[in-house]
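Dear colleague,

Please find the structure below, with its sequence. A short account of the findings comes after it.

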Amino acid sequence: MAEDLKLYIAGEWTEGTGNEFHKLISPVTGEHIANVPLASPADIDRAVAAARTATEDMRHWSAFERADLCLRIAAAIEPLEEEIARIQTLEQGKPYQAESLDDIAEANQYFYNAAEDAKRLSGEVIPTSDRHKRMFTFRRPVGVWAAITPWNFPVTIPLEYVGPGLATGNAVIVKPPEFTSWALLKLAEAFDEAGVPKGAVSIIPGGASIGEHLVQHAGIDAIGFTGSSATGKKIVAQMGIKRSIMEMSGNGPTIVTADANLEAAASLAVYGAYYNAGQVCCATERVIVVDQVRDEFVELAVKASTAAVLGDPFDDQTTMGPLNNEPTAAKVDRQLADALERGANVLVGGGRAKGFPTDLYYDFTIVDRVPEDSSLSKEESFGPVLPILTASDDEEAVAVANRSNLGLQAAVFTSSLAKAFWYADRIRSGTVVVNDSTDFWETFQPFGGAAGTDTGWGRGRLEEFTDLQTVVFDLKNVK
Ligand code: NAD
């Protein structure tokens, strides 16, 4: 029996006035699990108006009051964690035990971090040339944000915007994709429980047309976008003068040097390619191995691939569930076919798995001798594929890594500190991880890309949600 979901607008649960519904099909079971109402332009206007009222009120709260709100939200999420994680697995496909539960715990962390940071965000006293003047800066909320989010982390990514946004007095309207919005809507019950002001958070699931409407809406001050670079380009062209945080695609290289711990490199590269079935912006998208250790690394990677256990994501032994959607699976099919045509070899897996309830279960795949001009190397694949490329030496490995313009997160395996810094100085990437997977992250690390991928998150994350206001006092022009 499919669940009839409701939109969360201006602190109320509503079907909206759109009269259109998305039929939500689980990638895990193939069953029709929910009906998602799609908001009309009038519903969006209502959310924007309520958000404006909420941020006008919250800008006058003290930082400590906003921090308390974030802590109340975190406390209210905790009893819902298992149910949110279960729904997320059903609608997204990631393993419940190995990943989904962790995601929800991480989601909570965005509120804890924001509560701590809010109390320490401060302005400055700036020296002036005029002895009668005093100059101060204050951090003011930007206002109303539209957070346009992807389907690979349906809960954590929206909360990366909601936590810091509320902590600094902003209102956030979240637009998740219509096909991964149920878990987030479930979590919104915690906003009610915690006493979030009406309109400070609204959740409006939908696709590109609802996204475009929000991007162009005159009542929206800022866009938080996490998604593909292709969509990001469209948004930048359409948004006009709005503040923005843009988090986009990655094509993360893992470089394996001659002095690397090859066992660690192999198992962490495999992990980085199968975690969330490869549907991660900082997934291991390419391994670049120097010739000297190539054969040994390939053998170890094939051995390590048994860690990718494809299966029912509700089974505790499963480490990899189905892909979320058909366009993603079809893209991986195309990239594999192209790589094979150009001379690559499949060592493990190689396509869709048989005998599962949907066609979205994809075998973990290792492809060797991948040519650099193949789409598997040049583009983000977003599937459970480990492409292996080779380089004659360190210089060539850096050159291959830097030929992608999606420099989000890279990894280097080496036992030499000097070599680690040599690489970090040369790889154009927002983050360089030494001796761990590209899939490493912390909720408080600066996260963003080089080479045109992202504008990204800075340190602490809260400043991006504020405008810097300067206030100047003249001490002599008084009565
Ligand atoms: P997508 O770009 O297709 O969609 C992202 C969001 O944008 C969705 O909510 C979608 O409905 C909306 N959208 C689509 N067209 C729009 C338009 N014209 N105007 C406004 N909104 C529009 O991306 P996706 O397939 O959902 O997500 C996968 C991508 O996200 C990958 O490229 C991945 O690397 C990236 N990603 C990046 C990060 C990061 O932190 N850099 C994190 C997660 C995912």
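Predicted model: local features only at pLDDT ≥ 70, side-chain atom pairs only at ≥ 80, totals over all residues.

Residues are numbered from 1 along each chain as its sequence is written, and side-chain values use heavy atoms, with hydrogens and water left out.

A cavity is a set of points, on a 1 Å grid over the protein atoms alone, where a 1.4 Å probe fits but cannot get out; its lining residues have an atom within 4 Å of a point. Volume is the space filled by probe spheres set on the points, which are joined across faces, edges and corners. The count comes to 2 cavities of 30 Å³ or more.

The largest cavity has a volume of about 80 Å³. Its lining includes Tyr110, Asp117, Phe444 and Arg461, and helix α4 (residues 96-118) gives the most to that lining, with 4 residues. Helices are DSSP runs (H or I, at least four residues), numbered from the N terminus.

The second largest cavity has a volume of about 50 Å³. Among the residues that line it are Asn251, Arg286, Ile427 and Arg428.

Helix α6 (residues 182-194) is mostly covered, with 10 of its 13 residues buried, that is, under 20% relative accessible area with a 1.4 Å probe, protein chains only. Trp182, Lys186 and Phe191 are among the buried residues of α6. Gly195, which follows α6, has a positive phi, near 80°.

Yours sincerely

How values were computed:
Buried < 20%, exposed > 50% of the residue type's maximum accessible area, 1.4 Å probe, protein only. Helix = DSSP H or I, 4+ residues; strand = E, 2+ residues; numbered from the N terminus. 1 Å grid on protein atoms, 1.4 Å probe; cavity = no way out; pocket = protein on both sides within 12 Å on 5 of 7 lines; lining within 4 Å.
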